[in-house]
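Dear colleague,

I am handing over the structure that we talked about, and below it you will find my notes on what was found in it. Please read them slowly, with the structure open beside you.

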Amino acid sequence: MLQIEGLRKTFNAGTADEKRAIDDLDLHLASGDFVTVIGSNGAGKSTLLNLIAGSYTTDQGEVHIDGERVTGFSECRRAAYLGRIFQDPLMGTAASMTIEENLAMAELRGKPRGLTWGVTASRRAAYRQRLSRMGLGLESRLKQPVSLLSGGQRQSLTLLMATLHLPKVLLLDEHTAALDPKTARTVMALTEQIITDNHLTALMVTHNMRQAIHYGNRMIMLHEGRIQFDVSGQEKAELTVQEVVARFGGTLNDEALLG
Amino acid sequence: MLLEGLLRTIPVSLEQGLAYGLVALGVVISFRILSFPDLTVDGSFPLGAAVVARLITAGIHPWISVLVAVATGFIAGCCTGLLNTRLKINSLLSGILMMTVLYSVNLRIMGRSNIQLLTVDTLLTPLEQLELPRLVPLILFFLVVAVGMKAAIDLFMHTQLGMAMRATGDNEQMIRSLGVNTDHMTVLGLGLSNACVALSGALVAQDQGFADVGMGIGMIVAGLASIIIGEAVFGIRTVARMTLAALAGSVIYKFIIAVGLRLGLAPTDLKLATGVMVILALGIPALRGKEKEGKLHLRGV
Ligand SMILES: Nc1ncnc2c1ncn2[C@@H]1O[C@H](COP(=O)(O)OP(=O)(O)O)[C@@H](O)[C@H]1O
Ligand SMILES: [Mg+2]
């Protein structure tokens, strides 16, 4: 579903601040793969997602999504294939616009937008149904601006928005890191449910190793822009935090990650 | 005496407020919806006036002249948008550049600094010939135009395209990740904004009977003053409220100015007074230590 070959990205090339963020990275995701991504701060996790989404231009390498070469496509052109959720709950929604307007905009992801009515009655009914299934009580607040929602509610809404029109690949970048532990668990459970129910292919960056081990069918560990460890299937199911620390403790000098 | 004087300023404030309210509507689209501090306004307002004056005096039908004026305003706004999105020029500077360029363009269009329209038939001539006090049909005319434009903006901002435009001003990264080219939205929005402003210029020129190359000076500050006054009354929760606030604010602003003039404010000090009004409105929250409330969220500055 997602094929990445020889991907490279260097920031501030040719200056004293030169930083090779992604270094000759190959990654293949099969359809339905739910891959968690860990690595210490600055390992290149966010950069990898930004390169896949086209927010950054690649220096070298190729990105294919579902067999189509998207290297060189602009961010808004790739949006047709990708769903994205960011760490900051404020990033994924337009605060001054209503819940139903945000959903309607998300449903048109990657499609042309015209002069027809933005939120129709039939779509509103569908949104109400989808929201009530999330159990957050948002179905009765369709016409309220998103700015009134809590961080967890906003992140859950973003999750629904990203999957309203099913993406070929879902990109999640530490999307529960800014939430309190209880809300983070709720949002994470919702994430897993949405991914498995819809058989989505997902790449989920997390700052929490327990989470990385617990969720998904495959885990990769990034270090200095390269994949340092790639584990899947039975081997991943049997993996423990202690084992990972014993093998990679030296490069995982990050308290939060191990916590 | 004083009260009677104040009452007499109401009709003319209403007429002027609605005519210039189209500028405030344009400012709502750029500053409020797109969060783009567009200063093109000081050039696109006289642009509308210049085009209409030149075409009407050349014998073109007033309706067609107004349409052409609106179209040139649209193009001027798009140019500002392109300077910002294509050439990556800072948003404030893009507007200032276009405003400066338009000064020369307006002089070229008119061929001189001032064109009289008192002796030719304009769009408003039939209204002025009615057997009514002059202001009554004019107030009705500007009411229909301003409210019609407000309604059109309200409707547009709830279409798929309009929602993408609002999201561009609200959360650019988010709407881009949903596949919208935010550069296109910025260019289109600034085009619409300045089309509104040019329409205002075109109608005001016919109302006052002349177009002048200097008639746009301070227009953006007056427009901002109008929306700030209106928003204090009506808030900004929905698009319909923002546009209502712009029109009502424009009328109240013109009324305040008229009252000020009656109370002895020198006409030459008008722009000083307007500037002080805007400075106070934007600055008081900061002095009170509540910076966030007063701040306009703006992109590209
Ligand atoms: N836009 C940028 N400009 C310059 N350097 C950047 C930029 N984005 C990331 N980097 C650098 O690239 C490296 C990888 O960053 P990032 O991908 O954000 O790491 P993380 O794994 O913590 O998400 C870091 O050293 C970071 O400083
Ligand atoms: Mg990161």
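D24(A) lies in strand 2 of chain A, where helices (H or I, at least four residues) and strands (E, at least two) are DSSP runs that are numbered from the N terminus. Before going further, please keep in mind that this is a predicted model, in which local features need pLDDT of at least 70 and side-chain atom pairs count only at pLDDT 80 or more, while totals for chains, interfaces and linings use all residues. Residues are numbered from 1 along each chain as its sequence is written, chains are lettered from A and ligands numbered from 1 in the order in which they are written, and side-chain values use heavy atoms, with hydrogens and water left out.

Most residues other than glycine have a negative phi. D24(A), however, has a positive phi of about 50° although it is not a glycine. Is D24(A) buried or partly exposed? D24(A) counts as partly exposed because its relative accessible area is 36%, given that buried means under 20% relative accessible area, exposed over 50%, and partly exposed in between (1.4 Å probe, protein chains only).

D66(A) is another residue other than glycine with a positive phi, in this case near 50°. D66(A) sits in the loop between strand 4 (60-65) and strand 5 (68-69) of chain A, and, with a relative accessibility of 40%, D66(A) is partly exposed.

G6(A) belongs to strand 1 (residues 2-11) of chain A, and G6(A) is buried because its relative accessible area is 18%. Leaving aside residues up to four places away in sequence, G6(A) touches D24(A), L25(A), D26(A), Q60(A) and G61(A), where contact means heavy atoms within 4.5 Å. The C-alpha atoms of G6(A) and V63(A) are separated by 9.1 Å, although these residues are 57 residues apart along the chain.

Turning to the ligand, how many residues surround ligand 1? There are 13 of them, and the closest are G42(A), G44(A), K45(A), S46(A) and T47(A); a residue is near a molecule if one of its heavy atoms lies within 4 Å of it. By class, this shell has four nonpolar, seven polar and two charged residues, with Gly counted among the polar ones. Strand 2 (19-29) and helix 1 (45-53) of chain A each supply at least two residues of the shell, and the largest share, three residues, comes from helix 1 of chain A.

A polar side-chain atom of T47(A) lies 2.5 Å from an oxygen atom of ligand 1, while a backbone N or O atom lies 3.0 Å from a ligand oxygen atom in G44(A) and 3.2 Å from one in A43(A). Taken alone, ligand 1 exposes 550 Å², of which the protein buries 66%, with accessible areas coming from the Shrake-Rupley method and a 1.4 Å probe.

The domain assignment of chain A gives domain 1 (2-81 + 167-258) and domain 2 (94-166), with bounds that come from an automatic or database domain assignment. The contact takes 16 residues from domain 1 of chain A and twelve residues from domain 2 of chain A, and the C-alpha centres of these two domains lie 26 Å apart.

In chain B, T9(B) is found in helix 1 (residues 2-33) and is buried, with a relative accessible area of 5%. Not counting residues up to four places away in sequence, T9(B) touches F255(B), A258(B) and R262(B).

With best wishes

Notes. A polar contact is a pair of N or O atoms within 3.5 Å; within protein, one must be able to donate a hydrogen and the other to accept it, and residues adjacent in sequence count only if both atoms are side-chain atoms.
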